[in-house]
Amino acid sequence: MLKSKRKAIGKDITELELGERLHLTEKIEDKDLMLYLGLTNDANPLYLQHDYAAETIYGQPIVPPIMLTGIVTAAISKHMPGPGAHIINQQLHFPKPVYHYAIVEFVLEVTKLDVAMNQVTIQVDATDQEGERVMSGEIVVIAPQKLPTKQSQTQELADGN
């Protein structure tokens with residue numbers, strides 16, 4: 001188990017707003033692909049071998065769609081809602097392949113807030129440098145929640161709750 005300096009908990013559901021957006025730009029580099037493929041032990045030659053990929057309908061190596069998903073889930077974990085968020089459902093589509101060295105623009109937008117269930121629905125859209133959609137979908141997240149402090153628990157007991 002890793003222990004480090006304690007990070008602040010991300011935004012709870014009351015700190016989020018409908019329509020709130022996060023924009024990010026990522027350039028897909030060889031080093032990132034190599035790390036991903038090494039960590040996952042994914043040996044699909046379509047992702048790495050230029051001679052193999054040249055013989056496919058893609059004509060060149062493509063980026064694994066799950067790697068794009070990882071960029072989005074990292075953005076959710078780091079920024080919106082942030083540390084402590086937990087993805088419980090995702091429905092993602094990849095209508096066009098992403099090629100090595102592509103620059104991908106991601107937009108995440110809060111489209112639903114269910115306070116009773118503490119769930120945030122986030123719309124995901126990503127486009128390549130030609131402006132063509134390469135990823136779209138929806139992710140449902142449990143928003144970060146702080147445990148009640150001893151002071152608030154003591155106050156609740158004093159209030160009779």
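This is a predicted model: local features need pLDDT of at least 70, side-chain atom pairs count only at pLDDT 80 or more; totals for chains, interfaces and linings use all residues.
Residues are numbered from 1 along each chain as its sequence is written, and side-chain values use heavy atoms, with hydrogens and water left out.

**View 1. Helix α3 and its packing partners.** Helix α3 comprises residues 65–78 (helices are DSSP runs of H or I, at least four residues; strands are runs of E, at least two; both are numbered from the N terminus). Its buried residues include Met67, Leu68 and Ile71 (buried: under 20% relative accessible area; exposed: over 50%; partly exposed: in between; 1.4 Å probe, protein chains only). The buried residues of α3 pack against α1 and the strands β1, β2, β3, β4 and β5 (contact: heavy atoms within 4.5 Å).

**View 2. The salt bridge of Lys11 and Glu20.** The two side chains meet at 2.5 Å, N to O (salt bridge: a side-chain nitrogen of Lys or Arg within 4 Å of a carboxyl oxygen of Asp or Glu). Lys11 is partly exposed at 29% relative accessibility, whereas Glu20 is buried at 18%.

**View 3. The salt bridge of Lys96 and Glu130.** These side chains meet at 3.8 Å, N to O. Lys96 lies in the loop between β2 and β3 and Glu130 in the loop between β4 and β5, so the pair ties together parts 34 residues apart in sequence. Lys96, Asp128 and Glu130 are linked in a network of salt bridges.

Methods:
The expected span of a helix is 1.5 Å times one less than its number of residues.
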